[in-house]
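Please read it beside the sequence and the coordinates.

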Amino acid sequence: MSNLLRLIGRRLIALPIMIFGVTILVFFIMALSPIDQAYSVLGENATEAQAEQYREEHGLNDPILVQYGNFIVGLVQGDLGTYGANNASVADRIGEALPVTLQLTFFGLIIGVVIAVILGVISALYRDRWPDQIIRVFSIACIATPSFWLAVLMILLFSSMLHVLPASGPLPSLTADPGGWLARMAMPAIALGVPVAGQLTRVIRTSMVEELDKDYVRTVLGAGIPKRVVVARNVLRNALITPVTVLGLRIGYLIGGAVVIEVIFNLPGMGMAILSGIQSSYTMLVQGVVLCVAITFIIINIIVDMLYILIDPRIRTV
């Protein structure tokens, strides 16, 4: 137990350090941007006096370290600044966009995991036979397929030709209209989850094959226990430890992929927030959204890492 707590403690200590590093990276990269925040908010027709007044009111004339300190103080207080002529809150925009991105990420994750577990188990049970060969080709094709390219093909097929799924339009609420939400999210989630399914299928297949070759499996099968019972209760549970690690790494990358997919399907998530910020030269909005995505990436990976420690008894004795 002491080893387990020590390992979890290391992850928790690393969390604020990594978040601090991300804030430095994001802030100073955005500080190097040639875009003048004053003119991006006030418009190109603003006078120099108006722009100078805006810079003075928002601390843009302060030294860069002072600006960073003010940014950190605001971040701790939940204030990421404002953008636009109406001084809209960046935090409010993120609060509206982040749930959409997380919904898409985890919906795509569920699709990828379900496909991978089914195909990985079948491939391992029929090792080196025709089902295994077909699944192997399918998984390689999934890995080689970019999400954005698959998204475009699905729009052409299911939206433009068959007219069965919407490619754009408002996103219904999951609680108020589950059917409408599912129809709107189906194509983006599949486009996001298919490459993950291809990668996890190979990992699960390899782990299952290694587990099926162990002595305890041959012993229980020799004792007359049905193979389906052994696979379901023992082999699959032990074989999923390694895929969980790979899955933890993929969750973070899924968030980044979701940002691109949202732009293709016009979903009101973090991707559209970044795009609108770039198009309108809203530096504070871009900075806040990128920082939020990076922090979410870090937190999710640390949580998955801790869960992996909890479920894998071998790590507890390291």
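Ile295 is buried, since its relative accessible area is 16%, where buried means under 20% relative accessible area, exposed over 50%, and partly exposed in between (1.4 Å probe, protein chains only). Ile295 belongs to helix H13, and although 279 residues separate Ile295 from Pro16 in sequence, their C-alpha atoms are 9.8 Å apart in space.

## Basis of the values

The model is a predicted one, in which local features need pLDDT of at least 70 and side-chain atom pairs count only at pLDDT 80 or more, while totals for chains, interfaces and linings use all residues. Residues are numbered from 1 along each chain as its sequence is written, and side-chain values use heavy atoms, with hydrogens and water left out.

## The chain as a whole

The protein chain holds 13 helices and 2 strands; helices (H or I, at least four residues) and strands (E, at least two) are DSSP runs, numbered from the N terminus. Taken along the principal axes, the C-alpha atoms fill a box of roughly 85 × 60 × 35 Å.

Of the 318 residues in the protein chain, 41% are buried. The accessible surface comes to about 16,700 Å², with 67% of it belonging to carbon and sulfur atoms; such areas come from the Shrake-Rupley method with a 1.4 Å probe, and for residues only the protein chains shown count as cover. Among contacts between residues at least 6 apart in sequence, 70% join residues at least 24 apart, contact meaning heavy atoms within 4.5 Å.

## Packing of H5 against H12

Two packed helices are described by the angle between their axes and the distance between the axes. Helix H5 (residues 90-125) packs with helix H12 (residues 270-279) at an angle of about 135°, and their axes are 7 Å apart; the axes are lines fitted to C-alpha atoms, for helices over the stretch in contact, and angles run from 0 to 180 degrees between N-to-C directions. H5 and H12 are therefore oblique to each other, given that angles under 35 degrees count as roughly parallel, over 145 as roughly antiparallel, 65 to 115 as roughly perpendicular and the rest as oblique.

On the H5 side, Arg93, Ile94, Ala97, Leu98 and Thr101 meet Met270, Met272, Ala273 and Ser276 of H12. The residues of this contact divide into 6 nonpolar, 2 polar and 1 charged, where Ala, Val, Leu, Ile, Met, Phe, Trp, Tyr, Cys and Pro count as nonpolar, Asp, Glu, Lys and Arg as charged, and the others, Gly among them, as polar. Within H12, the residues Met270, Gly271, Met272, Ala273, Ile274 and Gly277 are buried.

## Nonpolar cores

The largest nonpolar core has 57 residues, and those with the most contacts inside it are Ile94, Leu104, Met208, Met270 and Val289; a nonpolar core is a set of buried Ala, Val, Leu, Ile, Met, Phe, Trp, Tyr and Cys residues joined through side-chain atoms within 4.5 Å. At least two residues of this core come from each of H5, helix H7 (147-161), helix H8 (178-212), helix H10 (227-239), H11, H12 and helix H13 (283-311), and H8 gives the most, with 13 residues. Apart from this core lies another, of 11 residues, among them Val26, Val286, Ile298 and Ile302.

Residues up to four places away in sequence being left aside, Ile94 touches Leu80, Pro99, Met270, Gly288, Val289 and Cys292.

## Positive phi values in and around the loops

Asp128, which is not a glycine, has a positive phi of about 65° and sits in the loop between H5 and helix H6 (130-144); Asp128 counts as exposed because its relative accessibility is 55%. Asn266, also other than glycine, has a positive phi near 55° and lies in the loop between helix H11 (241-265) and H12, where, at 38% relative accessibility, Asn266 counts as partly exposed. Just after H12, Ser281 takes a positive phi of about 60°.

## Two further positions

Ala51 is in helix H3 (residues 48-57) and, at 0% relative accessibility, counts as buried. Residues up to four places away in sequence again being left aside, Ala51 touches Ala38, Tyr39 and Leu42; the C-alpha atoms of Ala51 and Tyr39, 12 residues apart along the chain, are separated by 6.4 Å.

Val114, found in helix H5, is partly exposed, with a relative accessible area of 44%. Val114 and Leu291 are 177 residues apart in sequence, and their C-alpha atoms are 31 Å apart in space.
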